[in-house]
Amino acid sequence: MTRITAEVCTSRVSRIIILLMCIPLRFAGADTFIVEDARELSALNVSIAVFDTGVPEDLSLHRDLQVFPQIREIEAMFLPFVLRETLVKTTEWGAVRVVPRPDVAAELLVSGTILKSDGETLELRIRVVDASGRVWLDKAFVGKVTDSHATVGSGSGSPGYQQLYDEIAESLLLARAQLEDEVLADIVEIALLRHAKQLAPSAFGDYLSKADDGTFTIHRLPARDDPMLDRIERIRGAEYVITDAIDAKFQELHAEIASIYDLWREYRRKVIGYQAEDARRAQSTKSSAPRGSYEALLNLYDNYKLDRITAQEQDSLAVAFSNEVGPTIAAMETRVAELEGWVDTQYAEWYRLLEELFEVESGVEQ
Amino acid sequence: MLRISFTVVLLLLLAACSQQPVISDERIRFERRMPANFSGSWQRNYARDDEVNAVLRDAYNKLIRTLPDQRRPAGSGTDPSASKQMDSLLALARLAELITRPDVLTISQTKHEISIARKDDFAMLCAFYDGVAKAIENDNGTEICGWIGNQLISNLVLRGGLQVTHRFTMSTDGQQMRVVTTVSSTTSRIPFTLRRFYSKFERPTSDFNCIETFSMKRVCSTTEIVR
C-alpha cells in the first residue's frame, strides 16, 4: 500500500468527503429521508421490478397463444404500477417504487411474470424476496373479469382485476405477519449492508455471511457512528431520489395510457365473448342446404372466413394500440434510460471515491 | 416439432377425406430464405383470365367421361347420381368464381409471413418459422403453405371436405403473376380450376402520412408520424 503522509491524507480526505457530502445537498427536501426515519419496523421499502413479459421465445407460438409481444411489453411496464398503487393504499409499507430492473439490495423485491393477459383473464406469477434472500411469496395469481366487473373508461388500468392485486397485497401482509420484529429489523440492516458492499466492497465485504441456499445473515455490524456507513446512507438517499423520479415516470405512463389500455382490454374481452358465441352459432346453425350444393359449400367457406377476419381484426387493432401508445412509451423509456445512465455514472464515481477514501482512512500512517 | 408433425398428420387425414393431396412434408420446408418475394400490389389482367363458362364446359365433358355409360333405356330419365355430380361441379365453379373475384391483391412478405390481402375476403396467410410452414388453424379449417420451386402454394382444408388451393407463380421479371385456384370437395368427382392473371402496379404515394390508432382510428399528418 502506498505510504501517505498525514498532510496529503487530510487534503485528499477533505476533498472526497466534500464531494460525498454534496450528494444529499443536491437533493435537499426529498421525502425519502423522512420516510426512512419515521417509518415503523414493519414498513419495509418495496421495489417492484418491471414484469417479465412472459412472451414465448418461439415466435411460431405467438399466434396460437394469442400473445401480442408489443402489447405484453407495455403491460410489463404498466401492470407493476397498478400493484404499486394497491400496496400504497394499504399504508402498510414504506416507500413502494416501480423500478426498471431488479434491485437485489432492495428491502423487499417484487418480481412478476405475465402468464396470461387476454382481457378476460389476467394471470401473474409473483415472486417476492427480501434482502436476506428469504422468499416471501412465489405463486400464480389469477383474475377473471365478468360483465359486472367490467367498467370501461374507469382509467384505472385494472377494472375487474383489482381483486387479483388485493390478493397479492393480502398475501404479502400474511407473509410479513409470520416474521418477528427482529427479522424485519435484520432485513433493513441487510439491505443497507448489501448496498454498502456493492458500493464499497473493501469496507463492507465481511459484514454479511452468505449461506449455500443464497440467504444472507449479518456476520457483524458496523459501528453506529461509522463515517463510511453514513456516506453509504447519504448515497442511498440520493439514489432513492432518482428511483423516485423513475417511479414518477411510470406513474405518468400509467396516467397517460390507462384509459386506452382499459379500452383495449375491454375489446379483447368482447372478442373472446364473440368467439365463444360464434363457435356456438356454428354448431347450432349448420346449413340445411343439401351436401355439395353451392349454399352448403359457401357456408363452410364463410364460417372459416369469419373466424379469420376476426383474427385479422385483432392483429390490426393490436398494431393500432401499439401505434397509439408507442410515442408515450418511447418518451418514457428515453427518460428512464437517462436517469439510469446518470445513476450508473454516479455509481461508478461513488464506488471509486469510497474505495479511495477507505484506502486513505485505513492506510494513514499514525 | 411435435406440433408441426401433428399438423402434417392432421392435414393428411383431412386430405384423405377430401380426395386431393395436400402439400407434402418436404414442400412445407425451405432453406434459409423464402424462394420468391411476391410483395407488392397486383391488379387483375382480365384479358388473360380464364373464361369461367369455357372452363366449366371442359370440366363437364371431363366429368361425363368419368361417369358410367349414360345410354339408358328410353323413358328411364337421367341418372340421378350423374345429375348430382353435375350440380356439385357447378357449385364448385360458382365458389371458385367467387373466391377469385377480387381485382386487386396486396401482398406483404416478411421474414416469417406472407399475407395476401383481398377485398371482401380474409387475407390468406402463410407463416414460416425456421424454414418450416406453420399451419393457421381455427375451428372451421386449416391453412398451410408450401413451395414448389419458386411457386407458392396455399392450401385451405375446411371442415366438411372442402379444399381450396392457390398456386402463385411470378414471371421472371417479377411484373406478372399467375394464380391458379383449385376448389375440390368430397362431393364432386373432379375439382374445378380457374386461372387468374395479375400485373404489378405501384400505388400512388399520398401527401399524408397515416397510421391506424386504437381509439382515434386513422390518424394522418402532412409531417412524419412518430411511432
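These are my notebook entries on a predicted model with chains A and B.

**Entry 1: the sheet in chain A**

I began with the strands of chain A. Five of them form an open sheet, and I wrote down their order as 2-1-3-4-5. The pairing in this sheet is mixed. Which strands stand at the edges? I found strand 2 (96–99) and strand 5 (135–144) of chain A there. Each of these has a single partner strand, so one side of each is left without a neighbour in the sheet.

Strand 1 (residues 46–49) of chain A and strand 3 (residues 108–117) of chain A run parallel, and three bridges join them. A reminder to myself: strands of a sheet pair through backbone hydrogen bonds, either parallel or antiparallel.

**Entry 2: two packed helices in chain A**

Two packed helices are described by the angle between their axes and the distance between the axes. I looked up both values for helix 4 (residues 69–90) and helix 5 (residues 162–177) of chain A: the angle is about 55° and the axes are 9 Å apart. That angle makes helix 4 of chain A oblique to helix 5 of chain A. Their crossing is right-handed.

Which residues make the contact? From helix 4 of chain A I listed Val82(A), Leu83(A), Thr86(A), Leu87(A) and Thr90(A). From helix 5 of chain A I listed Tyr165(A), Asp166(A), Ile168(A) and Ala169(A). Sorted by class, the contact of these two helices has six nonpolar, two polar and one charged residues.

**Entry 3: Thr243(A)**

I then went to helix 8 (residues 227–284) of chain A, where Thr243(A) is found. Is Thr243(A) buried or exposed? Thr243(A) has 24 C-beta neighbours inside 10 Å, and the cut-off for buried is 20 or more, so Thr243(A) counts as buried.

Leaving out residues up to four places away in sequence, I found that Thr243(A) touches Arg97(A) and Val99(A). I also checked Val98(A): this residue and Thr243(A) are 145 residues apart along the chain, yet their C-alpha atoms are separated by 8.2 Å.

**Entry 4: two aspartates in chain B**

Here I looked for a positive phi outside glycine. Asp120(B) is not a glycine, but its phi is positive, about 60°. I found Asp120(B) in the loop between strand 3 (113–118) and strand 4 (124–129) of chain B. Asp120(B) is exposed, with 8 other C-beta atoms within 10 Å.

Asp130(B) also has a positive phi, about 55°, without being a glycine. Asp130(B) is found in the loop between strand 4 and strand 5 (132–134) of chain B. I counted 12 other C-beta atoms within 10 Å of Asp130(B), which is exposed.

**Entry 5: where the chains touch**

On the side of chain B that touches chain A, the elements giving two or more residues are helix 3 (80–99) and strand 12 (209–213) of chain B. Helix 3 of chain B gives the largest share of that side, five residues. By class, that side of chain B divides into ten nonpolar, eleven polar and eight charged residues.

Note on methods: Residues are numbered from 1 along each chain as its sequence is written. Chains are lettered from A and ligands numbered from 1 in the order in which they are written. This is a predicted model: local features need pLDDT of at least 70, side-chain atom pairs count only at pLDDT 80 or more; totals for chains, interfaces and linings use all residues. Axes are lines fitted to C-alpha atoms, for helices over the stretch in contact, and angles run from 0 to 180 degrees between N-to-C directions. Helices (H or I, at least four residues) and strands (E, at least two) are DSSP runs, numbered from the N terminus. Angles under 35 degrees count as roughly parallel, over 145 as roughly antiparallel, 65 to 115 as roughly perpendicular and the rest as oblique. A crossing is left-handed if the near helix is turned anticlockwise from the far one by less than a right angle, and right-handed if clockwise. Two residues are in contact if their C-beta atoms, placed from the backbone, lie within 7 Å. Ala, Val, Leu, Ile, Met, Phe, Trp, Tyr, Cys and Pro count as nonpolar, Asp, Glu, Lys and Arg as charged, and the others, Gly among them, as polar. Two strands pair if DSSP finds at least two bridges between them.
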